[in-house]
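Reader: I have a new structure to read. Please take me through its features one at a time.
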Amino acid sequence: MSIVVTGASGRLGRLTVEALLRRGVPAPEIVATGRDIAAIEDLAGRGVVVRRADFADRDSLAAAFAGADKLLLVSTTDVDARVAHHRRAIDEAVAAGVSLVAYTSMSHADTATTILAATHRATEEYLRERGVPSVVLRNSWYLENYLDQLPLMLRSGAVTGATGRGRISAACRADYAEAAAVVLTTEGHTGAVYELGGDEAFTLADLAAALSAATGKRIVHQDLPGDELVGFLTGLGLPAALADVLADADLGMSRDELFTASGDLRRLIGRPATPPAEAITAALRGPGAPQAPGR
């Protein structure tokens with residue numbers, strides 16, 4: 001029997017595979033899946049089983065999940081097709097007879113009002129409908145959604161968003177991945193819903209102040225109405241549909257929908273989450289090109 005990780009060609013899935021290996025799971029008992037297996041072929045060289053899994057292709061999911069004991073269902077990135085993709089994967093997990101599905105959801109998915117939250121809520125509901133033994137990992141925002149934008153923030157001198165004074169419990173993907181690895185390798189998580197987030201929530205004004213302190217450059221917080229943020233994001237080259245989703249997410253943050261004080265992440269990983277200031281310092285040593293935020 002094996003642990004299957006979907007989306008291993010993406011950052012969260014890949015980090016979870018690495019976390020499982022660090023926790024002592026034998027490589028042949030880990031199945032790393034992705035639509036493009038070329039991106040994860042190096043894992044095969046380390047003994048990890050690599051299989052193609054395309055959420056639009058039911059047969060590929062059946063083959064990828066064959067023999068699985070536990071499944072990490074990493075939420076897909078196509079917002080419009082996400083619910084259909086997840087339902088297809090859950091159906092194939094049931095057919096494969098998995099003992100546990102761990103699903104990467106979103107903070108307060110049961111009550112949050114955003115477009116993204118609605119897709120996660122529908123997936124959580126389908127897990128219950130199918131009676132799948134599951135654990136829900138409601139991840140807050142990724143710190144990397146901001147860290148990846150550091151070059152742009154430094155050039156413009158501004159942290160731009162539509163979050164108002166909303167608090168954001170963002171954490172690094174590596175911390176969320178470690179939490180996923182814990183629930184996949186220890187007992188007592190079936191039926192749990194974990195609200196995961198960093199220990200140090202911040203507003204975007206706080207983030208601007210932290211960047212100013214770290215760089216010695218004045219970085220301001222530019223808070224925009226939602227429609228103006230859409231225009232700002234499309235001006236950066238993001239597709240209009242994605243800009244709408246991200247601006248909507250920011251408005252959710254203004255309502256504290258990505259804030260949690262649960263402490264669940266810290267308890268699962270057995271240590272404090274990576275502090276934002278520490279993550280900023282590390283990113284400033286070698287920030288990459290700006291990327292579209294993910295969630």
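Author: This is a predicted model. E278 is partly exposed, with a relative accessible area of 48%.

Reader: Where is E278 found?

Author: E278 is in helix α13, which covers residues 276-284.

Reader: How many residues apart along the chain are E278 and A170?

Author: They are 108 residues apart along the chain. Their C-alpha atoms are separated by 13 Å.

Reader: Let us take another residue. Is L268 buried or exposed?

Author: L268 counts as buried, because its relative accessibility is 12% and the cut-off for buried is under 20%. L268 has its place in helix α12.

Reader: What does L268 touch, not counting residues up to four places away in sequence?

Author: L268 touches A179, V182, V183, H189, Y194 and L196. Take L196 from that list. L268 and L196 are 72 residues apart along the chain, and their C-alpha atoms are separated by 9.2 Å.

Reader: Which residues are in contact with T113, leaving aside its neighbours within four places in sequence?

Author: T113 is in contact with R255 and E257. T113 itself is found in the loop between β5 and α5. In sequence, T113 and R255 are 142 residues apart. In space they are 9.3 Å apart, C-alpha to C-alpha.

Reader: What is the phi of D256?

Author: D256 has a positive phi of about 65°, although it is not a glycine. D256 lies in the loop between α11 (240-254) and α12 (264-269). D256 is partly exposed, with a relative accessible area of 24%.

Reader: How is a pair of aromatic rings described?

Author: By the distance of the centres and the angle of the planes. This structure holds two aromatic pairs. One of them is Y146 with F202. Their centres are 6.1 Å apart, with 70° between the planes. The pair is edge-to-face, because planes over 60 degrees apart count as edge-to-face.

Reader: Which parts does the pair of Y146 and F202 tie together?

Author: Y146 lies in helix α6, residues 144-147. F202 lies in the loop between β8 (193-196) and α9 (204-215). So the pair ties together parts that are 56 residues apart in sequence.

Reader: Are Y146 and F202 buried or exposed?

Author: Y146 counts as buried, at 9% relative accessibility. F202 is buried, with a relative accessible area of 6%.

Reader: Which residue lies over the face of F259?

Author: R167 does, at 3.8 Å from the ring centre.

Reader: Next, helix pairs. At what angle do the axes of α4 and α5 cross?

Author: They cross at roughly 20° and come within 9 Å. That makes α4 roughly parallel to α5, because angles under 35 degrees count as roughly parallel. Helix α4 covers residues 82-96. The crossing is right-handed.

Reader: Which residues of α4 and α5 meet?

Author: From α4, R82, V83, H86, R87, I90 and D91 take part. In α5 they meet L116, T119, H120, A122, T123, Y126 and L127.

Reader: How do the axes of α3 and α4 cross?

Author: They cross at roughly 40° and come within 9 Å. That makes α3 oblique to α4. Helix α3 covers residues 58-65. It passes α4 in a right-handed crossing. The contact is made by R58, L61, A62 and F65 of α3. From α4 come R88, A89, D91, E92, A93 and A96.

Reader: And how do the axes of α1 and α8 cross?

Author: The axes of α1 (residues 11-22) and α8 (residues 173-185) cross at roughly 55°. They come within 8 Å. The two helices are therefore oblique to each other. α1 passes α8 in a right-handed crossing.

Reader: Which residues of α1 and α8 meet?

Author: R11, L12, L15, T16, A19 and L20 are the α1 residues. In α8 they meet R173, A174, Y176, A177, E178, A180, A181, L184 and T185.

Technical notes:
Residues are numbered from 1 along each chain as its sequence is written. This is a predicted model: local features need pLDDT of at least 70, side-chain atom pairs count only at pLDDT 80 or more; totals for chains, interfaces and linings use all residues. Side-chain values use heavy atoms; hydrogens and water are left out. Helices (H or I, at least four residues) and strands (E, at least two) are DSSP runs, numbered from the N terminus. Buried means under 20% relative accessible area, exposed over 50%, partly exposed in between (1.4 Å probe, protein chains only). Rings of Phe, Tyr and Trp (its six-membered ring) pair if their centres lie within 6.5 Å; planes under 30 degrees apart count as stacked, over 60 as edge-to-face and the rest as tilted. A charge sits over a ring if NZ of Lys or CZ of Arg is within 6 Å of the ring centre and within 35 degrees of the ring normal. Axes are lines fitted to C-alpha atoms, for helices over the stretch in contact, and angles run from 0 to 180 degrees between N-to-C directions. Angles under 35 degrees count as roughly parallel, over 145 as roughly antiparallel, 65 to 115 as roughly perpendicular and the rest as oblique. A crossing is left-handed if the near helix is turned anticlockwise from the far one by less than a right angle, and right-handed if clockwise. Contact means heavy atoms within 4.5 Å.
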